[in-house]
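Morning, everyone. Please have a look at the structure on the screen, and then I'll walk you through a few of its contacts.

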Protein chains: 2
Amino acid sequence: MISTATTQVATRAKLQRAIAAASILAELSTDQKNAILRAMATALEANQEKILSANAEDLASSNLRASITDRLTLNPKRIAEIVKGIHAIVALPDPVGKTISETVHANGMRIRKLRVPLGVVGIVFEARPNVTVDAAVLSFKAGNAVVLRGGREAARTNEALVEILSSVQGVPEGAIELLDSSSRESVRELITSRGLVDVVIPRGGLDLIEHVMREATVPVIETGAGNCHVYVDDSANLEMANRIIVNAKTDRPSVCNAAEKVLIHRGIAEQYVPRIVKELIAAGVEVRGDAEVMRLAPAQDVRAANAEDWSTEYSDLKIAIAVVASLDDAIAHINRYSTKHSEAIVTENAEHAARFLQKIDSAAVYWNASTRFTDGGEFGYGSEMGISTQKLHCRGPFGLRELTTTKYQIFGTGQIRA
Amino acid sequence: MISTATTQVATRAKLQRAIAAASILAELSTDQKNAILRAMATALEANQEKILSANAEDLASSNLRASITDRLTLNPKRIAEIVKGIHAIVALPDPVGKTISETVHANGMRIRKLRVPLGVVGIVFEARPNVTVDAAVLSFKAGNAVVLRGGREAARTNEALVEILSSVQGVPEGAIELLDSSSRESVRELITSRGLVDVVIPRGGLDLIEHVMREATVPVIETGAGNCHVYVDDSANLEMANRIIVNAKTDRPSVCNAAEKVLIHRGIAEQYVPRIVKELIAAGVEVRGDAEVMRLAPAQDVRAANAEDWSTEYSDLKIAIAVVASLDDAIAHINRYSTKHSEAIVTENAEHAARFLQKIDSAAVYWNASTRFTDGGEFGYGSEMGISTQKLHCRGPFGLRELTTTKYQIFGTGQIRA
């Protein structure tokens, strides 16, 4: 009990400091923010030894799973990438202060709508130290205070990083706060502090996102889970379909825009199922199939998919394949099982493509291209904070601009409403 | 138990019908939607007797508070206003299908971002039959299915209205669903059906909004509560201040953009407090004051404000007045107690005004004008669905466009990511 109460008091004190900082950050000019960001990059470089030593302590802890060790590990090359990321954010245009619209009321009042920072942004994430810096730096550039709650495995690394960033001259006290990662109490406090925290962004696996979505009373931007589909139409160029499926699955299987499912039109199934199964297995992918796939590729090493497979994001070199009776059946299957992230159709038929692009209810819908392109960098927005799979506020890759909100300023000369 | 389970099953069936309808609505052209909307207006006019008779049944129920009776009552004039509202929505531009951006990737893919309907919109509201039609019609024009959960006092009126609107030729089954209002179970089911419902908008008093914000797992657009402030600076034109304060308080005290608090700079308090207190009392307003106001207006009928007053939205002919030491104290007080809806400064000092407009963290901030202007119609957007007091998705008055989301359509020729 004492520990819970202590965490609560400590968390609230940090949120109050963040609110005070947000008020100062909102008034910094673009030049001031960019100068501080450059100094942050320099400070990380200058303190590389300190960061690596804290990281080594984290890595020395027992019981780390191999996948966590890989994400958690820093080295000079990774620090250089993080520093490069800061300079990329310096180069991005500052959305804050931009006038979105300006109108004059019939009574003479001028009504200006402009872009302002959100205020206090909370990020809940796992053991990825690059996210710590990315999230802090993007939030700072958008004029927000950020409250970070990282994974406990990265506790010392995150403390070192936040201390270095916060110590840079010109960073207001409270601009970058790090919450205790030793219990879930700090997460609970962060995501239920409505009125203190303006938005919470979960970044990580499905469990983390589901937990935040379920428990939060603060507004949330849902990110990331991607059960992405490629549908091969009966009018597909099958050579192209091979290329797209193998790329979407194997280029980087652990990320959210990787393909997890393939649907094949019945009209080409007999010809294409054995071929794509063979291609995928040759590329090192474990293939699961529905009854029709099992029947059409009997000699090959395919496991029967169960009901759960269709809604599962493997994030691994695994894929499930089903045969569908029609384009509309493919659309219905995808709208039922997908996480509304990214889906693709491969077809030479423009009408089929148009129907798919219209009816699929996902953030990004592709005609004859790999789902792997759903990414802030690829879409031309520079750094991204995440990929939103919800429909409010932003959808798809989001970055600086989506870390802001708007405000109306009305300039009158004594107008009243009759 | 049986009743709860029955409500749950019935609600889910309605949500499933709404999802099916949303898919059809998303493909209707602007002309098709406008023709159906005009037919809805005609149908309401043609069925006026049926509506009024259902409304009379609702009004005949016992135990109605006077304030509810007023909101609930329909008559030919109010029905004519509702019909006029539908024609206003017909006249608004359709946001659906608009291209927001279109870029070409270095690899030749065309990346189009366009506006699409949200899908299924849930509205939880009180006993206002005009909201039933407004919400249904705005949602329809934006291509969404709507699921309405109105107050139980208006149950028969809402059933009649929804039946008439749904029976219009061309309205897909499920496009306008009405949930059972006899228990809270239907609200619970609606606001926790994540994945089925795309957004919930609560419209009503603070209790209703707080309940929805606390319990919802579906994304919410928070609306309406307005503890609005007018700050009278030491450089104010006091004649103008009188006019603005009396208008902002008395023009329509029950609405959310009415002023609830007045802050007065110490430098003019001795002169101005007795004067504004007198003006407000003459206008029929009950005045509460802090210790300084009580001291400066001793002969007048002012009650001592307690701690709770500063955060209370009276929605009535009541106001509380406090004296502040400085512009910054006024800003701090407002950012602490306001609901972030609408606030005004009265001053002739442009620097003070600029600081106030910058530092106040509310949806609409006024210089020398009444807070009463925060309204979709006044801001030039036509009909509004509500006034958002949150920062995500939309802030301030929102209407058709905010009932949509975006989607990326990517047109490739076989591109894969290297």
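How many residues does the contact take from chain B and from chain A? It takes 56 residues from chain B and 56 residues from chain A. Contact here means that the C-beta atoms of two residues, placed from the backbone, lie within 7 Å.

A word on the source. This is a predicted model: local features need pLDDT of at least 70, side-chain atom pairs count only at pLDDT 80 or more, and totals for chains, interfaces and linings use all residues. Residues are numbered from 1 along each chain as its sequence is written, while chains are lettered from A and ligands numbered from 1 in the order in which they are written.

Back to chain B. Helices are DSSP runs of H or I, at least four residues; strands are runs of E, at least two; both are numbered from the N terminus. The largest share, 11 residues, is from β16(B).

Now the strands. β16 of chain A, residues 404-415, runs parallel to β13(B), joined by 5 bridges. Pairing needs at least two DSSP bridges. A:Phe411 stands opposite B:Trp367 in β13(B).

Last, inside chain A. Among the contacting residues are A:Leu37 of α2(A) and A:Ile86 of α5(A).
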